[in-house]
Amino acid sequence: MSVVWYVLVLLVIAAAIAYVVYNYQRIRKMPEGTQEMAEMAGIIRSGANTFMKTEYKTIVIVVILLAAVFSLFVEKTSGITFLFGALMSSCACVVGMRSATYANVRTANKARESLSIGETVKVALCGGSISGLSVQALGLLGLTAILIFFGTVRHDVQGGGFITSLAGVNPTIMRISTYSLGCSLVAMFNRVAGGNYTKAADISADILAKVRNDLPEDDSRVPNVIADFIGDNVNDIAGNCSDLLESFVATISAALMIAVILFQSYEGKFTESKEVLEKVFNGTITFPVVLAGVGLLSCLLGLFYADRKKMSDNPSRELNLATWISAGLTVVLGFIAALICFAGADAAVLKDEYGWAAGWASPWICTVLGILSGVAIGSITEYYTSTDYKPTRTLAEMAPEGEAFVVTKGDAVGSRSVLLPVLVIGLALFVSGKLAGIYGVATAALGMLAFVGATVSIDAFGPIADNAGGLAESCHLDANVRVITDKLDAVGNTTAAVGKGFAIGSAAFATVSLIVSYVGNYSSEMNLNIASFVVVAGAIIGGALVEYFSAMLTDNTIESAKLMADEGDKQLTPEVLAGEKTPDYNRMIELAAKQALKKMLVPSILAMVIPVIGGFLFGVDFVGGLLIGATIVAIPRALFMGNSGGAFDNAKKYIESGALEGHGKGSAAHKAAVTGDTVGDTRKDVVGVALDIFIKTMSTVANTLVSVFRNITLIR
């Protein structure tokens, strides 16, 4: 029965991919505009492609080596699924990035031709939908293909590698976890390298243009500006695609692993026919995949509706509409999916053995909780980062007092913004656990990500609009065009901040699910003794590692930014400033890429190496503590970084819009706000977005190797 559902999910995936191809062709057929616009867009596209090709020379080597290790020493087919996960993640981020580099100039040109906000929004959303639907469709495609090709999830099998055979290795679970791990590895590389690239370019461009030389933002005379345009694509598009795909896959994987753990824990205690328990098991392994499939269908319908309707001049309302339609349809179709998947399950078994308070509907209710949590976290993030609300406006009003006031107030806004999202996450975890136990936690996490196609589409709208505004400025388009793109950019800043909050919230749910799965994989009671000195030691070290990881990323970005600012200073000769000579864009692009690639390897590998060393040296309890400590520190830290950074950015834009009377562009207040934005850049686009992958990658590695840790521990 499961295979039939998997085939139906494949049909939905095929429809989504067909729509992606259709939108990609639509974007390509649109005119690019003036010759200068086409040339500038070509430089951005070429630079982004070159960076990705160079980055993947390193990624491919690391992926192949790790795949060989998995197949030789852990489970024979796990190396293949690890490669497959890396491939699906890579395809999604490349497709998203390439579509964005075509959509940005076409968005600018649509604004130039139509002078209509509604028409321009449609082009940017069309480009964003390619990224969003690719993430969900390709992530689900790889996982469904594995389940069909290798056989559905089983609880009664043992496996081993070509060289060694370890006790307790379930090959079906290992294939799923290594597929997820392949996605995690690519996400970590993309986020770390892309974040360094884009923020080093952005910070150095802001310093050169706005602080040192009083030039307009996105002035093409500043060579760093073009590198910044490229960075928007390699981080905010490619990095974000691989990040959310990894979260999406990790939540499905965690739900499937927990389904196996639950069956094995109740199998020996259940006194009735084993067939009754098998029916429940079949429902628990089918529901996560079907829910992800109906979520993809909902996103497809929501984005299709938004694309077909006439857009108003209120971009926020139109973008929110697509999200709400997708979320609403996911709730309705998820109910039907739960009803069908658990139709044959014994109600008494669900309630008495599994502890599902609302019977077959329990997982669906948890899914709704996850969806509501995602919406709530997004709304809270919008409140603290949007210029429509008091926190960001108050921050902008501090700018006339100087940089110290801006930074201090921004820190306060960021810290204050942490409590409510964490309360939402904590309450949702508590209620979902009460309703359906650890399986409920997993389905709540999946609920938040079930309509990830829509959320990534809206998130990708931001960098596309940002690039469009930059092209309008650098290609000297009419001021009316820049008014339109600036409005889209401001909306895009908010959608990007909301997207970051959503990513962090989903990472929290996904990581908790993975930790629960990890504990269940080695403890029949599914308990981790938090009072154990081994667990506490791991937790303290895990929390400290989050801080060290944050410092490493910050240092790397600032060092790269300084080198790029110095290089930009050298190129800003009197001839370049007078417009008589074009700066050496390629030199700046090469410098940004070289620095990003040079500094990506150590932080990326760190997340994989830490649980391995901890597990081999100190055992499974220590790694459990490591995961808990890192998660508890990373979640509020990431929220603080993302929200304070978003508030800094939008406070600057609030001043630039002329909303702060007597303090426009070029004023002392504006320069103070630029300083705040520079501080926030590294926070929101480098550290904050990488922390969620850091904890998910560690948790995925731990789940993959828990059987190895059980067999091999040096210090017992």
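These legends walk through several views of one protein chain, shown here as a predicted model.

View 1. Along its principal axes, the C-alpha trace spans about 85 × 55 × 45 Å. Among contacts with a separation of 6 or more, 86% join residues 24 or more positions apart.

**View 2. The surface and the charges of the chain.** About 24200 Å² of the protein chain is accessible surface, and carbon and sulfur atoms account for 63% of that. Look next for the charged side chains: 52 are positive and 60 are negative. The centres of these two sets lie 3 Å apart. As for the inside, 63% of the 716 residues count as buried.

**View 3. The largest nonpolar core has 221 residues.** Five of its residues touch the most other members: Phe51, Tyr197, Ile252, Tyr518 and Phe694. Helix α6 (residues 223-267) supplies the largest share of this core, with 24 residues. Apart from this core lies another one, of 16 residues, which includes Ala396, Val406, Ala647 and Ala672.

**View 4. A close-up of Ile252 and the residues around it.** Ile252 is one of the residues that touch the most other members of the largest nonpolar core. Which residues does Ile252 touch, not counting those up to four places away in sequence? They are Leu140, Leu143, Pro288, Val289, Ala292 and Leu446.

**View 5. Ser134 sits in helix α4.** This helix covers residues 117-149. Is Ser134 buried or exposed? Its relative accessibility is 4%, and buried means under 20%, so Ser134 counts as buried. Leaving aside neighbours within four places in sequence, Ser134 is in contact with Val20, Ala92, Val95, Ser129 and Gly139.

**View 6. Ala347 belongs to helix α9.** With 57% relative accessibility, Ala347 counts as exposed, whereas Ser134 from the previous view counts as buried. Now find Val280: Ala347 and Val280 are 67 residues apart in sequence, and their C-alpha atoms are 9.4 Å apart in space.

Key:
Residues numbered from 1 in each chain as written. Predicted model: local features only at pLDDT ≥ 70, side-chain atom pairs only at ≥ 80, totals over all residues. Heavy atoms only, no water. Buried < 20%, exposed > 50% of the residue type's maximum accessible area, 1.4 Å probe, protein only. Contact = heavy atoms within 4.5 Å. Areas by Shrake-Rupley, 256 points an atom, 1.4 Å probe, with all protein chains shown as cover. Lys, Arg positive; Asp, Glu negative; His and termini not counted. Charge placed at Lys NZ, Arg CZ, Asp CG, Glu CD. Core = buried A, V, L, I, M, F, W, Y, C linked by side-chain atoms within 4.5 Å. Helix = DSSP H or I, 4+ residues; strand = E, 2+ residues; numbered from the N terminus.
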